[in-house]
Amino acid sequence: QVQLQESGPGLVKPSQTLSLTCTVSGGSITTVDYFWAWIRQPPGKGLEWIGYITYSGSTSYSPSLKSRTSISTDTSKNQFTLQLSSVTPEDTAVYYCARRLSTTGADSWGQGTQVTVSS
């Protein structure tokens with residue numbers, strides 16, 4: 001069964017780049033029909049989709065975050081990475097990585113990791 005785990009710094013200073021890695025086990029990020037997504041949940045708010053990357057490297061980002069967001073893969077490590085630049089305290093949230101099967105909508109989520117933007 002596929003497992004996803006987020007990792008990266010829990011504290012980022014304003015104006016810096018937030019960088020998180022999702023390590024996938026029990027499945028390959030190169031498998032067709034899956035896309036690999038990042039989602040976040042600010043405190044007291046709902047889930048917000050950030051973007052995704054497919055097995056082929058095609059990406060899609062939330063319009064509100066696109067200018068600051070980059071998602072990439074490292075197939076040799078079976079990982080995909082989120083980079084969010086120029087962060088502010090408004091970017092403080094629990095960040096999740098997830099996998100979705102495009103043909104059915106079935107999905108798997110990581111446990112989430114807290115990221116706080118503060119000086």
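**The disulfide**

A disulfide, defined as a pair of cysteine sulfur atoms within 2.5 Å, joins Cys22 to Cys97, with an S to S distance of 2.1 Å. The structure holds one disulfide. The torsion about the S-S bond of Cys22 and Cys97 is about 65°, so the disulfide is right-handed. The pair links distant parts of the chain: Cys22 belongs to strand β3 and Cys97 to strand β9, 75 residues apart. Strands (E, at least two residues) and helices (H or I, at least four residues) are DSSP runs, numbered from the N terminus. Both Cys22 and Cys97 are buried. Buried stands for under 20% relative accessible area, exposed for over 50%, and partly exposed for values in between, with a 1.4 Å probe and protein chains only.

**Basis of the model**

This is a predicted model, in which local features need pLDDT of at least 70 and side-chain atom pairs count only at pLDDT 80 or more, while totals for chains, interfaces and linings use all residues. Residues are numbered from 1 along each chain as its sequence is written, and side-chain values use heavy atoms, with hydrogens and water left out.

**A four-stranded open sheet**

Four strands form an open sheet in the order β1-β3-β8-β7, with antiparallel pairing. Two strands pair if DSSP finds at least two bridges between them. Strands β1 (3-7) and β7 (69-74) stand at the edges with a single partner strand each, so one side of each is left without a neighbour in the sheet. On average, neighbouring strands of this sheet are turned by 20° against each other, direction ignored; the axes are lines fitted to C-alpha atoms, for helices over the stretch in contact, and angles in general run from 0 to 180 degrees between N-to-C directions.

Strands β7 and β8 (residues 79-84) run antiparallel and are joined by six bridges. Asp74 stands opposite Gln79 in β8.

Ser7 is located in strand β1. With a relative accessible area of 36%, Ser7 is partly exposed. Contact means heavy atoms within 4.5 Å. Not counting residues up to four places away in sequence, Ser7 touches Ser19, Leu20 and Thr21. The C-alpha atoms of Ser7 and Tyr95 are separated by 9.7 Å, although these residues lie 88 residues apart along the chain.

**The nonpolar core**

A nonpolar core is a set of buried Ala, Val, Leu, Ile, Met, Phe, Trp, Tyr and Cys residues joined through side-chain atoms within 4.5 Å. The largest such core has 26 residues, and those with the most contacts inside it are Leu18, Trp38, Phe80 and Tyr95. At least two residues of this core come from each of β3 (18-25), β4 (34-41), β5 (48-54), β8, β9 (93-101) and β11 (113-117).

Leaving out residues up to four places away in sequence, Leu18 touches Val12, Leu82, Gln83, Leu84, Val87, Tyr95 and Val115.

**Aromatic pairs**

Rings of Phe, Tyr and Trp (its six-membered ring) pair if their centres lie within 6.5 Å; planes under 30 degrees apart count as stacked, over 60 as edge-to-face and the rest as tilted. The structure holds six aromatic pairs. One of them is the tilted pair of Phe35 and Tyr52, at 4.7 Å centre to centre and 40° between the planes. This pair links distant parts of the chain, with Phe35 in strand β4 and Tyr52 in strand β5, 17 residues apart. Phe35 is buried, at a relative accessible area of 18%, whereas Tyr52 counts as partly exposed at 25% relative accessibility.

Ring pairs also link Tyr34, Trp36, Trp38 and Phe80 into a cluster. Among these residues, Trp38 and Phe80 are listed with the most contacts inside the largest nonpolar core.

**Loop residues**

Most residues other than glycine have a negative phi. Asp33, in the loop between β3 and β4, has a positive phi near 80°. At 39% relative accessibility, Asp33 counts as partly exposed. Ser86, in the loop between β8 and β9, also has a positive phi, near 50°. Ser86 counts as partly exposed, with 42% relative accessibility.

Asp91 is likewise found in the loop between β8 and β9. At 2% relative accessibility, Asp91 counts as buried. Apart from its neighbours within four places in sequence, Asp91 is in contact with Arg40, Arg68, Leu84, Ser86, Val115 and Val117.
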